[in-house]
Amino acid sequence: MDQEIKAVYLKASPKSDIDQLCDSEFNTVIATFVSFANGQACVDGPMADWQPGDWIDRLHRSNKKVLFSIGGGAVKPETLEFLFIPESTEISQAGYDPFLSTILQILRGGPITVHSLSGAPYPTDYGQGFHGIDLDLENFVSYSGGAQSDFWASRLANLNLALRRDLPSGALLTHAPQTPYLLIGDWGIGEVSANPNGLYSKMMQLSGEAVSWLNVQIYNQSDFATQQAVENTLAVLLNDWPMAAGASTSARQVAVTVAMAPPPVECSSGYVSPAQLKEALSALNVAPGGLNGWSYSSNNAVAPSWDQVFTQILNAKQAPGRP
């Protein structure tokens, strides 16, 4: 990465926030969510609700990187079964080819028919399009250990490698794993060395070179509500995890995703305050590649200078010898 990641998920932010966001210090905006039902792309969030309009082009003109996210917290990995040969980790071309075609159409800005989660299908375009995609697959409860964990790690690795091969040159490809799928113990507080084959660490061993960075989520789980839990998790994640897991990544590829304002409805537990985060990061040997917030609309109403808080925390944490 050539700069610190200062990213934010838009979720259902009102259009009136876009002007302020364009003037902010955020450099990456993950604009909306696309899910796949039986292989059919469905769009949620601003991309479904803000048409027509030039909001994506305005973000481009403000030199923001704009991504869209595939998945979301409520989306189970089974919705992507169509991408793989049944009971196999290998890609199914019959499922992957139309999926890739849809992704490329959206990246280019369309035109494409949107199947909104809240209304009838309609044709639209997204102006200058997007700089890449964020794979937000969180619901791996059934696949969080042993052979099942390795199974989905291999599937995701094969998907990463295929997308890196087929996406436009320079396109961003990120992931948004919850910390339980990176770390072992009670939601990540245990010893990482005891579980070198966690789902996402295994995925990164197999395909880390294809991944731009990880938006690692440490919010929305009550286990992370205490200062000690936040410090322990960050210490393992940034100091120990990449090396102990043998993963093809580094702290420069980790953006810590947090809720940084009084908790809104969608982040009602596991709230991490700016003060907590700054204190937790201060003791680490390395800094994350950036900070990634959820979500702009919910936090911005309470903390209009949220982006400045991000910048202050990152500037305060400059480890010696960082790349």
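Helices (H or I, at least four residues) and strands (E, at least two) are DSSP runs, numbered from the N terminus. The expected span of a helix is 1.5 Å times one less than its number of residues. This is a predicted model, where local features need pLDDT of at least 70, side-chain atom pairs count only at pLDDT 80 or more, and totals for chains, interfaces and linings use all residues. Residues are numbered from 1 along each chain as its sequence is written, and side-chain values use heavy atoms, with hydrogens and water left out.

**View 1. Helix H4, residues 93-108.** H4 has 16 residues and should span 22 Å at 1.5 Å a residue. Its end C-alpha atoms are 22 Å apart, so the two values agree. Buried here means under 20% relative accessible area, exposed means over 50%, and partly exposed lies in between (1.4 Å probe, protein chains only). Buried residues of H4 include Gly95, Tyr96, Phe99, Leu100 and Thr102. Ile103, Leu104, Ile106 and Leu107 are also buried. Gly109 follows H4 and has a positive phi, near 100 degrees.

**View 2. The whole chain.** Ten helices and eleven strands make up the secondary structure. Of the 323 residues, 57% count as buried. The accessible surface is about 12,500 Å², and 50% of that belongs to carbon and sulfur atoms. These areas come from the Shrake-Rupley method with a 1.4 Å probe; for residues, only the protein chains shown count as cover. Contact means heavy atoms within 4.5 Å. Among contacts between residues at least 6 apart in sequence, 75% join residues at least 24 apart.

**View 3. Strand E2 and its partners.** E2 covers residues 28-37, and nine of its ten residues are buried. Two strands pair if DSSP finds at least two bridges between them. Strand E1 (residues 5-9) pairs with E2 in the parallel sense over three bridges. Here Ala7 stands opposite Thr28. Strand E4 (residues 65-72) is also parallel to E2, with five bridges. Lys65 in E4 is the bridge partner of Thr28. Strand E3 (residues 40-44) runs antiparallel to E2, again joined by five bridges. In that pairing Cys42 of E3 is opposite Ser35.

**View 4. Cysteines.** Cys42 is buried because its relative accessible area is 13%. Cys22 also counts as buried, at 12%. A disulfide is a pair of cysteine sulfur atoms within 2.5 Å. By this rule there are zero disulfides.

**View 5. Nonpolar cores around Phe130.** A nonpolar core is a set of buried Ala, Val, Leu, Ile, Met, Phe, Trp, Tyr and Cys residues joined through side-chain atoms within 4.5 Å. The largest has 77 residues; Phe68, Phe130, Leu163 and Leu234 have the most contacts inside it. Helix H5 (residues 146-166) gives the largest share, eight residues. A second, separate core of eleven residues includes Ala7, Leu67, Trp213 and Ala255. Leaving aside neighbours within four places in sequence, Phe130 touches residues including Ala31, Met47, Ile56, His60, Ile106 and Leu107.

**View 6. His60 in helix H3, residues 55-61.** His60 counts as buried because its relative accessibility is 14%. Beyond neighbours within four places in sequence, His60 is in contact with Val66, Gln128, Gly129, Phe130 and His131.

**View 7. Val216 in strand E9, residues 213-217.** Val216 is at 0% relative accessibility, so it counts as buried. Its C-alpha atom is separated by 6.4 Å from that of Thr179, 37 residues away along the chain. Beyond neighbours within four places in sequence, contacts of Val216 include Pro177, Thr179, Leu182 and Leu237. Val254, Ala255, Val256 and Thr257 are also in contact with Val216.
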